[in-house]
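The entries follow in the order in which I looked things up.

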Amino acid sequence: MAFDLDLIQKVYEQLPGKVNAARTLIGRPLTQAEKILYSHTYETAARAFERGRDYVNFAPDRVAMQDATAQMALLQFMTCGRSQVAVPSSVHCDHLIQAKTGAIEDLATANEVNKEVYDFLASISNKYGIGFWKPGAGIIHQVVVENYAFPGGMMIGTDSHTPNAGGLGMIAIGVGGADAVDVMAGLAWELKMPKLIGVKLTGKMNGWTSAKDVILKVAGILTVKGGTGAIVEYFGEGAESLSATGKATICNMGAEIGATCSLFAYDEKMADYLRSTERADVAKLADAVKADLRSDNEVYANPEVFYDQLIEINLDELEPYVNGPFTPDLATPISQMAEAVKQHGWPDAVEVALIGSCTNSSYEDISRSASIAKDAMAKGLKPKSEFTITPGSELVRFTVQRDGMMDTLTEMGGVVLANACGPCIGQWARHIDDPTRKNTIVTSFNRNFAKRNDGLSSTHAFVASPEIVTAFAISGSLSFNPLKDTLTNDKGEQVKLEEPKGFELPAKGFAVEDAGYQAPAADGSRVEVIVQPESTRLQLLEPFSAWEGVDLHNMKLLIKAFGKCTTDHISMAGPWLKYRGHLDNISNNMLIGAINAFNMETNKVKNQLTGEFGEVPQVQRAYKASGIGSVVVGDENYGEGSSREHAAMEPRHLGVRAIVVKSFARIHETNLKKQGMLALTFANKEDYEKVQEDDTIDIVGLMSFSPNTPLTMVIHHKDGSSDEVTLNHTYNSQQIEWFKAGGALNVIRQEFAK
């Protein structure tokens, strides 16, 4: 029995009529994404929307939150005046469990260390009608695809890898907590109408190639920002051949190309997965409207007419890829990896190989890795690298344990970690002899920015499929190509690993003793949510102040960030995750990972009040104490990566008034707008070079702040000279009201106070 079956049934009952109306409105056949988008507008669309230009109000079916972001989202929600969430919502405790020893010990430690936060999340979920998944239940995206995702639905989630649900044909989009508050409060959720990128998959994969290699290749084609503002639709005979969880892997890692989300059309593979996860009723409903859960036939016949960009990949010819280090779009085919290692001087010895995470922890993934381990042991091979396994959910962990696969992996020396994010997000107490030594790790995760996994800038992290990662664990070498290379076994013989074999779904079906779900109270009015005033982990929020109604003058330059500045650089995870519910405490990590363009160091900027250099948060606190605003200047794709809104809330809390960059990543730009910040871009990107270390900055034109009208930044230099530069923005009228009110949440409060 599926969760919220009545909601799903209602969506499917209305879908054919809404799709027909949209087809008439637009006057042409529709893609799958367009069908879902137009059937989820907050109010019936009166005209066709222009892709990449028009802002549209949507009504998502569901909200999902992980524990690190749920804290701030729910702290905001509890101030908006509602007694219960307006749409089905869930909280998943997956981010706060640190990987150190093994699953049992690490989960016990997390329950003790994070008790205050878990109790808060459980109680606030209970009060407001939110489904709660306890620590150990699994990673949010795996749990969602097993329980909540359904073809043709729309969901938002407070995590950048929410698009994982696209593996079941759902538009699922990563957002900041303030967006989640809008939807949980029953308000419209705003999104710029996405552009559409089509990826036609022909042929069929075989041997060592897996679904992960599709997205690794696409990342190499589109780069980390090539999908920004777009939905990526996969189709073709190759798409039909992929398992539902393989499709989910591709959609999950679409976040690494900046895509709004990714989608596959509803097919028999999805129906099989729904039935296997005890949702045959959803499959039956979906089968009845199957034509409306796919693009129209005319789209598949002439895709170049309907997509803004078209990519074709022949799966017959696709080989495994290894992406990295330091960025998920540096894609190298396995056949060229040995040469690349030599050319770039990457450390060849693989010290740790890690499989699992929200991207690759399905039954199919683990079964294929287990087949490699079984073959290796039969041939007298032992792993030369440390090897860890992170199951995606208790459902998967219990089932693979039952079927003997986990025993195979542990017999080979693998360490099973908790059903949580762990090393993928920096929650890893890694053991290493010299943290400054250049070293290589290989993961089946999704993201590999510097310091992402273990906090060490010396670590070269590479991303590959679970199959290739397992082979690397056995060989211990980044140059190893399992498709052609041999290894020396314990008898001195040269042996070759067999191609992986696995199962899309368990023959005996999935099984679990305790999935870890806690349903909310039927009446939460008497449930008390306790936040202790002296807590260092949780802090009730105070509204941000409204705009003063004047242009901003005499602001100081806080930092000019050089190069890649992700949300990890702006608000680091790892040990800082424990402060995600306490805005003031977590603000002490603001921009400590960003590289200062004037000295090429991190967390060392000039305090213009004293002339001395200090840590970024401390310098900004000095400006705030003196009543002085500041400006952060950044490079391209500023704020790429995680959806964490803390990267927008921290500057706002500490008194930064504007972020001025060459370009923004989508989610971060929206998060800044939601918090009442100015998110602005150089009209001429070369003006970035005009910003100097001792500058005082004015931003003028705010008195007539309006859509499509640039603002002006006046840069006053220490020598008395100045530069005027034009700043563009993407604010619409509603978003300008957020700025004037001091944030979107202030506008929501005003609406509920009427």
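I began with helix α22 (residues 616-625), which lies across β22, β25 and β26 (656-661) and runs at about 170° to β22. Contact here means heavy atoms within 4.5 Å, and axes are lines fitted to C-alpha atoms, for helices over the stretch in contact, with angles from 0 to 180 degrees between N-to-C directions. Helices (H or I, at least four residues) and strands (E, at least two) are DSSP runs, numbered from the N terminus.

For the record, this is a predicted model, in which local features need pLDDT of at least 70 and side-chain atom pairs count only at pLDDT 80 or more, while totals for chains, interfaces and linings use all residues. Residues are numbered from 1 along each chain as its sequence is written, and side-chain values use heavy atoms, with hydrogens and water left out.

Next I traced the sheet to which β22 belongs, and found a closed barrel of seven strands in the order β22-β25-β26-β27-β30-β29-β28, with mixed pairing. The twist averages 40° from one strand to the next. Two strands are taken to pair if DSSP finds at least two bridges between them.

I then looked at both partners of β22 (residues 552-560). With strand β25 (residues 630-634) it runs parallel, joined by four bridges, and Ile559 has Val632 as its bridge partner there. With β28 the strand β22 runs antiparallel over three bridges, and Met555 stands opposite Ile697.

Buried means under 20% relative accessible area, exposed over 50% and partly exposed in between (1.4 Å probe, protein chains only).

Last, I went through the backbone angles, bearing in mind that most residues other than glycine have a negative phi, and most peptide bonds are trans. Asn554, within β22, has a positive phi of about 60° although it is not a glycine, and at 54% relative accessibility it counts as exposed. Ser357, in the loop between β14 (350-356) and α16 (363-378), also has a positive phi, near 85°, but Ser357 is buried, with a relative accessible area of 1%. A cis peptide bond, with omega about 5°, joins Gly324 and Pro325, and I placed Pro325 in the loop between β12 (321-323) and β13 (331-333).
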